[in-house]
Amino acid sequence: MNEKDLDMMTIEERKVIDKLKMEMLNAVSLHDLRFYKQEIQRIKEQAKKRHGFFKTLQVAAEKL
């Protein structure tokens, strides 16, 4: 994860991603690896969307 991703994520999201990465080490199949990777990507995407939404709200609030 790069630093920008970390700034956008909550502590809980970071913990979940760390757990998913640990599970990737124990994955039995390629299917399992892909599943964990997709879940990590989904969490990152949701964090980016939430960050963008809050940024938009902040800009709108400053205009008021």
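A residue is called buried when its relative accessible area is under 20%, exposed when over 50%, and partly exposed in between (1.4 Å probe, protein chains only). The model is predicted, so local features need pLDDT of at least 70 and side-chain atom pairs count only at pLDDT 80 or more, while totals for chains, interfaces and linings use all residues. Residues are numbered from 1 along each chain as its sequence is written, and side-chain values use heavy atoms, with hydrogens and water left out.

E13 lies in helix α2, where helices are DSSP runs of H or I with at least four residues, numbered from the N terminus. E13 counts as buried because its relative accessible area is 14%. Leaving aside residues up to four places away in sequence, E13 touches M8, I43, A47 and R50; contact means heavy atoms within 4.5 Å.

Helix α3 covers residues 30–63, 34 residues in total. Its span from first C-alpha to last is 50 Å, close to the 50 Å expected at 1.5 Å a residue; the expected span is 1.5 Å times one less than the number of residues. Within α3, Y36, I40, I43, K44 and A47 are buried. The buried residues of α3 pack against α1 (3–8) and α2 (11–25).

L57 also belongs to α3 and is partly exposed because its relative accessibility is 42%. A61, likewise in α3, is partly exposed because its relative accessibility is 47%. A61 and L30 are separated by 31 residues in sequence and by 46 Å in space, C-alpha to C-alpha.

Note on methods:
Helices (H or I, at least four residues) and strands (E, at least two) are DSSP runs, numbered from the N terminus.
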